[in-house]
Amino acid sequence: RTVNLDKPFRRCVLAAELPQSLQWLHCHFLRTPASVTRYAAIMRGLAWSGSAHAKDIWTTPDWEIAEKLADCRFLVTCTEVGWRKLQSLASDKARVELLYHGLDFAHLPPANTAERPPRRGSDPNDPVQLLSVGRCVEKKGFDDLLRALALLPKDLHWRLLQIGGGPLRPQLMALAKELGIEERCRFQGARPQEDVFAAYRSADLFALTARVAEDGDRDGLPNVLMEAQSQGLACLATRVGAIEELIEDGASGVLTQSGDIGAKAVGL
């Protein structure tokens with residue numbers, strides 16, 4: 001039976017609804033799901049474990065993380081930077097495990113081995129194709145990307161395709177207009193996976209200018225970077241979260257400091 005964990009008394013409801021044969025609870029995400037699971041486990045006298053990812057690590061208070069780590073059997077996270085953060089708060093460091101996530105290549109298009117056309121940005125009829133994918137939220141830093149693009153030489157011809165919905169999409173479209181690059185930018189909104197992979201395969205460069213949001217939220221290891229690389233697409237990204245665990249600057253991509261608009265423009 002499905003239990004709606006967003007309703008009041010969710011911990012009590014979950015504890016009451018669990019089958020009597022159940023011996024262990026496991027939850028994803030360290031904030032509310034872990035709280036619900038923890039208290040339900042206490043009420044039923046069960047062991048529990050969990051996983052932590054990005055936002056839940058960086059926006060949960062340290063005292064709360066420490067309490068949960070002291071109470072769970074183990075916690076798995078998918079980046080070294082997150083693992084180090086959690087280990088620093090764990091009284092028993094052996095309870096925190098690092099297990100990188102990856103991509104299921106069986107369900108993805110094969111790697112793009114076709115040679116991309118050598119676009120240099122000199123031909124107005126064949127501009128450089130830039131791509132960025134992600135939700136329009138503060139931590140993705142799309143406004144930084146737009147400001148960097150506005151610094152590029154006026155005679156350099158490029159087009160940006162941004163894929164992804166989110167609350168800041170109208171503001172980003174307004175910023176592109178304010179910067180005078182509106183006609184070069186297309187904000188496509190959320191698209192199905194097949195459309196996203198078609199965009200990877202036709203682009204010349206993938207850019208993700210992630211940053212730390214005011215509330216501490218940040219990316220872990222963004223799937224979109226792994227997806228872009230799986231299609232043979234060059235990547236420009238920032239040194240935020242676990243991105244440096246995926247991209248080696250100058251070898252498997254280009255990294256810049258978050259917020260350094262000039263460096264991003266040079267990287268582009």
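1. The model is predicted: local features need pLDDT of at least 70, side-chain atom pairs count only at pLDDT 80 or more, and totals for chains, interfaces and linings use all residues. Residues are numbered from 1 along each chain as its sequence is written, and side-chain values use heavy atoms, leaving out hydrogens and water.

2. The whole structure holds 17 salt bridges (a side-chain nitrogen of Lys or Arg within 4 Å of a carboxyl oxygen of Asp or Glu). One of them joins Arg-119 to Asp-204, at 3.0 Å from N to O. Asp-204 is buried at 16% relative accessibility, while Arg-119 is partly exposed at 24% (buried is under 20% relative accessible area, exposed over 50%, partly exposed in between; 1.4 Å probe, protein chains only).

3. Arg-211 and Asp-143 also form a salt bridge, with their closest N and O atoms 2.7 Å apart. Both Arg-211 and Asp-143 are buried.

4. No disulfides are found (a disulfide being a pair of cysteine sulfur atoms within 2.5 Å). For Cys-78, the nearest cysteine sulfur is that of Cys-27, 14 Å away. Cys-185 has its closest cysteine sulfur in Cys-136, at 12 Å, too far for a bond.
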